Amino acid sequence: MPWHYPSAYPTLPAMAKKTPYLVVTASRTDDGAPVYFRAQSKDWSEQIAEASVVQGESVADELVAVARAQERAVCDPYPMYVDRAEGGAAVPVSARERIRSEGPTTPLRRPDPQS
Amino acid sequence: MYQYDQYDQRIVEERSRQFRGQVQRRLSGEILEDEFKPLRLQNGLYMQLHAYMLRVAVPYGLLSSTQMRKLAHIARTYDKGYGHLTTRQNMQFNWPTLEGVANILDELASVQMHAVQTSGNCIRNTTSDQFAGVTRDELEDPRPYAEIIRQWSTFHPEFAFLPRKFKIAVNATPDDDRAAVYFHDIGVKLVENGAGERGFEVLAGGGLGRTPHIGQTVRKFLPKEHLLSYLESILRVYNQFGRRDNKFKARIKILVNALGIEEFSRRVEEEWEQIKDGDMLLPEEEIERVKKHFAPHAYETLPDSDSELAALALDKDRAFGNWVKNNVRPHKVPGYASVTISVKDKEIPPGDLSDYQMDQVADLADRYSFGEMRITHTQNLVLADVKVSQLRELHEKLVAVNLGNANANHIADMITCPGLDFCNLANARSIPIGMRIIDRFDDIDYMNDIGDVNLKISGCINACGHHHVGNIGILGIDKQGVEHYQLMLGGSAGNDASLGQIVGPAFTQDEIVGAVDTVLQRYLKERESADETFIHCYRRVGMAPFKEALYGDN
């Protein structure tokens with residue numbers, strides 16, 4: 001089945017669309033995978049929908065400080081702006097974070113030819 | 001090819017052992033990322049958007065079939081079953097785990113490979129002409145000199161913490177630059193002086209990135225025995241005077257242009273006077289010792305095959321004929337040819353090879369090309385020593401593994417950086433744009449009609465996709481959170497080095513492929529004959545007709 005290039009990414013105007021919501025993200029030490037901080041359990045999820053969403057940069061910075069205590073498990077935690085989907089789950093605002101949370105938009109490995 | 005001696009082997013094994021300990025300390029929490037980062041970067045390990053990325057060094061792009069099989073094994077065992085060819089003739093893996101990397105370094109050491117000098121502010125992998133040793137137009141094989149530079153630069157204590165990364169390329173011939181020496185921190189050109197003696201012209205201060213510069217000549221002729229002392233002198237001047245206060249102004253190109261080439265050269269010569277006859281002098285015996293590793297293969301004595309090659313290009317099997325025309329070039333030994341295996345296909349990211357394909361190419365190298373292959377800086381592979389009589393058979397086998405595309409040196413044969421799909425620094429995606437362009441120009445007759453033109457795509461101003469030197473360059477930018485693409489025309493990485501110029505306002509991702517086609521359609525109208533390539537046509541007619549075609553009167 002030939003691969004078809006993806007349709008255009010939704011054009012989310014990151015700078016134009018101001019949002020007050022943030023989550024804390026980092027790269028997992030074991031494998032570099034993007035992970036998102038869950039404040040209540042003070043642990044990390046691969047699913048951005050499970051991330052704790054806070055309002056305002058100062059609150060997010062406090063969350064980053066908490067996350068920094070876990071630097072064995074993760075590398076370089078930082079806050080990122082998100083939008084909120086239905087039900088309140090976080091959705092990245094920027095194309096970069098969207099690709100980071102969903103994976104590359106390109107095929108990863110060509111299937112072997114059938115013998 | 002070069003074979004490790006006991007010292008080389010011990011170095012890579014010890015490095016692998018050290019890194020395993022560092023990984024264990026990181027995983028246990030004994031050291032944190034701030035401490036670990038400089039250690040991992042000295043072993044080619046980056047953190048990308050989705051995972052770690054390990055860049056494996058392939059000195060001047062030369063690989064044995066044993067090494068390629070090992071890379072296939074690594075891709076299969078520790079990654080997602082593929083690897084990516086890079087513009088420094090290396091291979092990188094996008095998905096290893098940290099613990100896996102410690103094992104990968106052991107695996108690499110077992111086949112005389114490593115991942116040092118592929119990251120960090122050191123002298124990076126030295127690159128060279130992919131047709132070194134087999135091309136008719138070379139003065140001599142540049143690989144022994146690239147290897148000598150590798151040995152000198154590896155773990156050179158004085159140059160372990162340079163202001164920024166440092167890249168050196170060695171070309172084979174003064175007439176046809178296939179190693180982009182004008183765009184390296186140091187470019188080394190093999191030349192002959194008026195007395196017929198061989199030596200080097202040494203360039204410095206070239207580079208791409210956010211402030212592109214064409215390298216300038218520091219010394220017109222350097223006798224061979226002084227190669228290392230001269231490089232050392234340039235590095236010393238750079239190490240001492242290069243800026244460390246601003247990352248974006250720390251490359252040698254900034255220093256060379258701030259001082260001016262005369263003053264920079266004067267400082268280099270002054271330094272060199274003090275060390276030129278010291279222990280870095282390269283005696284002829286040492287050059288000969290290294291040259292023995294690159295001795296010509298045991299070629300058969302065969303009749304001249306130039307006319308046969310020309311006939312094969314017109315073969316009635318047009319897929320084969322086009323492949324011969326575009327991907328095969330004459331060899332200096334009669335009866336042989338060099339084959340470029342295009343790794344540019346509309347269904348995979350440019351430069352990606354699956355583990356299966358790696359194994360297959362290794363088998364083909366064993367069967368048809370003395371067990372060796374080369375990675376090119378344009379993200380392809382080369383089998384350098386194929387008998388002309390076996391080309392058809394080889395082509396069939398390449399087609400069977402989806403590596404038989406006849407697009408070398410044409411519009412689909414592009415350089416593409418990983419872009420926003422993988423890279424932390426990128427502003428826009430490159431790979432999907434590249435794949436769309438390959439798809440758009442999939443018609444071989446149209447591609448042949450357009451002829452020799454190169455296209456290069458970068459996802460940000462760091463220019464890893466060399467967009468400044470593409471005949472057609474594309475630069476991805478972020479415009480208020482939305483990916484856009486600037487189109488540039490007129491760049492060239494060859495002897496006629498030039499930097500591309502931005503045509504006008506950026507295009508959206510849905511417009512950019514059509515914009516490339518518009519430029520090429522206009523070229524077909526403007527060219528004086530089919531022999532006038534895109535770059536020559538552009539230099540003759542200038543930007544205006546293309547701008548008009550793209551933007552009209554606005």
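Predicted model: local features only at pLDDT ≥ 70, side-chain atom pairs only at ≥ 80, totals over all residues.
Figure 1. One bridge partner pair is Ala169(B) with Gly187(B) of S8(B). The two strands belong to an open sheet of five strands, ordered S6-S7-S8-S9-S10 in chain B, with mixed pairing. S6 and strand S10 (216–223) of chain B are the edge strands; each has a single partner strand, so one side of each has no neighbour in the sheet. Helix H6(B) lies across S8, strand S9 (198–204) and S10 of chain B. The angle between H6(B) and S10(B) is about 155°.

**Figure 2. Surroundings of helix H5 (residues 143–153) of chain B.** Nine of the 11 residues of H5(B) are buried, so the helix is largely enclosed by the rest of the structure. The buried positions are Arg143(B), Pro144(B), Tyr145(B), Ala146(B), Glu147(B), Ile148(B), Ile149(B), Arg150(B) and Ser153(B). Among the strands that these buried residues pack against are strand S3 (62–64), strand S6 (127–128), strand S7 (168–171) and strand S8 (186–192) of chain B. Helix H6 (227–241) and helix H9 (284–291) of chain B also pack against the buried residues of H5(B). Phe155(B) follows H5(B) and has a positive phi, near 55°.

**Figure 3. Packing of helices H7(B) and H8(B).** Helix H7 (residues 252–259) and helix H8 (residues 261–275) of chain B pack with their axes 5 Å apart and at an angle of about 110°. The two helices, H7(B) and H8(B), are therefore roughly perpendicular to each other. H7(B) contributes Leu255(B), Val256(B) and Leu259(B) to the contact, and H8(B) contributes Ile261(B), Glu263(B) and Phe264(B). By class, the residues of this contact between H7(B) and H8(B) comprise five nonpolar, no polar and one charged.

Figure 4. Six of the seven residues of S15(B) are buried, so the strand is largely enclosed by the rest of the structure. Strand S12 (residues 336–341) of chain B runs antiparallel to S15(B), and five bridges join the two. In this pairing, Ile341(B) stands opposite Leu381(B) of S15(B). Strand S14 (residues 372–375) of chain B also pairs with S15(B) in the antiparallel sense, over two bridges. Here Arg374(B) is opposite Val382(B) of S15(B). S14(B) and S15(B) form a hairpin with five residues between the strands, in which Gln379(B) has a positive phi near 65°.

**Figure 5. Contact between domain 3 and domain 4 of chain B.** Chain B is divided into domain 1 (6–109), domain 2 (134–293), domain 3 (308–400) and domain 4 (415–551). The C-alpha centres of domain 3 of chain B and domain 4 of chain B are 26 Å apart. Nine residues of domain 3 of chain B contact 10 residues of domain 4 of chain B. On the domain 3 side of this contact in chain B, two residues are nonpolar, four are polar and three are charged.

**Figure 6. Position of Asn454(B).** Asn454(B) is in the loop between helix H15 (444–450) and strand S17 (455–458) of chain B. Asn454(B) counts as buried because it has 23 C-beta neighbours inside 10 Å. Apart from neighbours within four places in sequence, Asn454(B) is in contact with Gly470(B) and Asn471(B). Ile74(B) is 380 residues from Asn454(B) along the chain, and the C-alpha atoms of the two are 32 Å apart.

Figure 7. Chain A has two helices and six strands, arranged from the N terminus on as β-β-β-β-α-β-β-α. Of its 115 residues, 32% count as buried. Among the contacts in chain A with a separation of 6 or more, 58% are between residues 24 or more positions apart. The contact between the chains takes 37 residues from chain A and 38 residues from chain B. Strand S5 (74–84) and helix H2 (95–102) of chain A each supply at least two residues of the side that touches chain B. H2(A) gives the most to that side of chain A, with four residues. By class, the side of chain A that touches chain B has 19 nonpolar, eight polar and 10 charged residues.

Technical notes:
Residues numbered from 1 in each chain as written. Chains lettered and ligands numbered in written order. Domains from an automatic or database assignment. Contact = placed C-beta atoms within 7 Å. Nonpolar A, V, L, I, M, F, W, Y, C, P; charged D, E, K, R; others polar. Buried ≥ 20, exposed ≤ 12 C-beta atoms within 10 Å, placed from the backbone. Pairing = 2+ DSSP bridges. Axes fitted to C-alpha atoms, helices over the stretch in contact; angles between N-to-C directions. Parallel < 35°, antiparallel > 145°, perpendicular 65-115°, else oblique.
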